[in-house]
Amino acid sequence: MKYLIGKNDKNLKPFYMDWGAIGSHLLVGGPFQSGRTSLLKTIALSMMYQYSPVEVNIVLFDASRKSLGDLADLPHVIDWVTGEDKFSENIAHLQNELSVRRKNEELGVDEQYPEIIFIFDDYDLARDAMGINEEILLSLGKSVRQDS
């Protein structure tokens with residue numbers, strides 16, 4: 001999965017995000033007001049521009065309850081999560097979906113599935129702002145590591 005996200009600051013050539021080259025996880029860090037959310041939105045919009053909703057499904061986790069809401073109604077977005085109930089529901093759905101995919105792979109079923117992308121803004125606020133308990137976050141981490 002490869003898509004344009006901007007220009008290289010050294011040579012001004014197009015800069016592509018390439019999941020095959022960097023792996024399946026990305027952490028965006030930086031101080032307050034440094035552009036982390038803007039980068040996440042750029043990544044999401046670029047994926048949506050290049051791939052259809054049949055190819056890419058996105059779940060937005062928005063601990064601040066305001067930063068990703070403007071993307072929530074786009075066709076690739078299957079949910080905009082702002083609280084623990086929906087968070088738990090989406091993690092359970094992800095675990096079930098990954099289990100079905102593993103089982104079909106073991107049975108030799110050749111089916112094309114959409115990429116499932118979780119975009120989590122303000123992860124550090126998840127426990128406090130969203131009231132998400134540690135077990136749910138550990139469950140997400142386990143699923144992501146097992147089936148990235």
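## Helix α3

Helices (H or I, at least four residues) and strands (E, at least two) are DSSP runs, numbered from the N terminus.

Along α3, the buried residues include Phe87, Asn90, Ile91, Leu94, Leu98, Arg101 and Asn104; buried means under 20% relative accessible area, exposed over 50%, and partly exposed in between (1.4 Å probe, protein chains only). Just after α3 comes glycine 108, with a positive phi of about 80°.

## About the model

You are looking at a predicted model, where local features need pLDDT of at least 70 and side-chain atom pairs count only at pLDDT 80 or more, while totals for chains, interfaces and linings use all residues. Residues are numbered from 1 along each chain as its sequence is written, and side-chain values use heavy atoms, with hydrogens and water left out.

## The chain as a whole

The chain holds 5 helices and 5 strands, and reading along the sequence gives β-β-α-α-β-β-α-β-α-α. Of its 148 residues, 33% count as buried. The accessible surface comes to about 9,500 Å², with 51% of that belonging to carbon and sulfur atoms (Shrake-Rupley method, 1.4 Å probe; for residues, only the protein chains shown count as cover).

## The hairpin

Strand β1 (residues 2–7) meets strand β2 (residues 14–18) in the antiparallel sense, over 5 bridges; two strands pair if DSSP finds at least two bridges between them. Tyrosine 3 has methionine 17 in β2 as its bridge partner. The two strands, β1 and β2, form a hairpin with 6 residues between them, and leucine 12 in the turn has a positive phi of about 60°.

## The parallel sheet and its helices

What is the strand order in the open sheet? Its 3 strands run β4-β3-β5, with parallel pairing. At the edges sit β4 (77–81) and β5 (115–121), each pairing on one side only. Strand β3 (residues 56–62) is joined to β5 by 7 bridges, and valine 56 stands opposite glutamate 115 in β5.

Helix α2 (residues 36–50) packs on this sheet, touching β3, β4 and β5, and its direction makes about 160° with that of β5. Helix α3 also packs on the sheet and touches β3, β4 and β5, at about 155° to the direction of β5. Contact means heavy atoms within 4.5 Å; axes are lines fitted to C-alpha atoms, for helices over the stretch in contact, and angles run from 0 to 180 degrees between N-to-C directions.
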